[in-house]
Amino acid sequence: MSINFALLGMDQIINHAAKLRYMSDGQLNVPIIIRTVTGGGGQLAATHSQSFEGWFASVPGLKVAVPAYPCDALGLMRSALLEEDPVIYVEHGLLYNVSQEKCSDSHIIPFGKANITREGSDISLIAYSRMSHVAYEAANILESENGLSVEVIDLRTLNPLDIDTIVSSVKKTNQAMIIEEMCKTGGFAS
């Protein structure tokens, strides 16, 4: 279902699932995966095309996975299944037709580990979910038309966020652009 419908359960998600471990001093866990679909571009109208994953990422106690590639989707889901805390597992509706070579049977991706999908030295493009594909495409255009060496980082998870990979990349390139599919004001990039 669309991430928009999560609004109906915000009290249960934010005030209960995300906080129960902390309110019980670690005595209770909420190992739940809330799998949802995000993003625009599918012509599903305004109430079915929003991106609330950034909201969820700001809530202490929630982990937020935002896979961009099929093997990442599998690896992150395997990590989510091992979590003792709630996970918001967010899939972009326009990525269901993306294909990739078969993943290994033991493929798992730890939360909080971004992926550098393209090495570069002139600018870092930081994105997640469908925008990781857009960033990669932009990097190819910038290289072919302007000769720029562009590094692309796919975040994979918003909470925990892999700050180390981001900082390391930006130290190398000295320039960064964040690409996301959120509202202009108050998005995750801010």
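Q: What makes two strands a pair here?
A: Two strands pair if DSSP finds at least two bridges between them. Helices (H or I, at least four residues) and strands (E, at least two) are themselves DSSP runs, numbered from the N terminus. Keep in mind that this is a predicted model, where local features need pLDDT of at least 70, side-chain atom pairs count only at pLDDT 80 or more, and totals for chains, interfaces and linings use all residues. Residues are numbered from 1 along each chain as its sequence is written, and side-chain values use heavy atoms, with hydrogens and water left out.

Q: In what order do the four strands of the open sheet come, and what is the pairing called?
A: The order is S4-S6-S5-S8, and the pairing is called mixed. S4 (115–118) and S8 (176–179) are the edges: each has a single partner strand, so one side of each is left without a neighbour in the sheet. On average, neighbouring strands here are turned by 25 degrees against each other, direction ignored.

Q: How do you know that S5 and S6 pair, and in which sense?
A: S5 (residues 123–127) and S6 (residues 150–154) share five bridges in the parallel sense, and the cut-off is at least two, so they pair.

Q: Why is Ile 126 called buried?
A: Its relative accessible area is 6%, and buried means under 20%, exposed over 50%, partly exposed in between (1.4 Å probe, protein chains only). So Ile 126 counts as buried. Ile 126 is found in strand S5, and among the residues it touches, not counting those up to four places away in sequence, are Ile 153, Leu 155, Ile 166 and Val 170.

Q: How do you know that the buried residues of H6 line one face?
A: Those residues are Thr 165, Ile 166, Ser 169 and Thr 173. Down the axis of H6 they fall within an arc of 100 degrees, so they line one face of the helix; the arc is that of the directions from the helix axis to the C-beta atoms. They pack against S4, S5 and S6, while Asp 164 and Lys 171 on the other side of H6 are exposed.

Q: And what about the buried residues of H1?
A: In H1 (10–17), the buried residues are Met 10, Ile 13 and Ala 17. Their arc is 130 degrees, so they too line one face of the helix.

Q: What makes a set of residues a nonpolar core?
A: They must be buried Ala, Val, Leu, Ile, Met, Phe, Trp, Tyr and Cys residues joined through side-chain atoms within 4.5 Å. The largest such core has 22 residues, and Phe 56, Leu 62, Val 64, Ile 88, Leu 155 and Leu 158 touch the most other members. Apart from it lies another core of nine residues, including Leu 125 and Ile 179.

Q: What is the phi of Ser 129, and is the residue buried or exposed?
A: Ser 129 has a positive phi of about 55 degrees although it is not a glycine. Most residues other than glycine have a negative phi, and most peptide bonds are trans. With a relative accessible area of 3%, Ser 129 is buried. Asp 25 also has a positive phi of about 55 degrees, but at 69% relative accessibility Asp 25 counts as exposed.

Q: Which peptide bond is called cis?
A: The one joining Asn 159 and Pro 160, with omega about 5 degrees.

Key: Axes are lines fitted to C-alpha atoms, for helices over the stretch in contact, and angles run from 0 to 180 degrees between N-to-C directions. Contact means heavy atoms within 4.5 Å.
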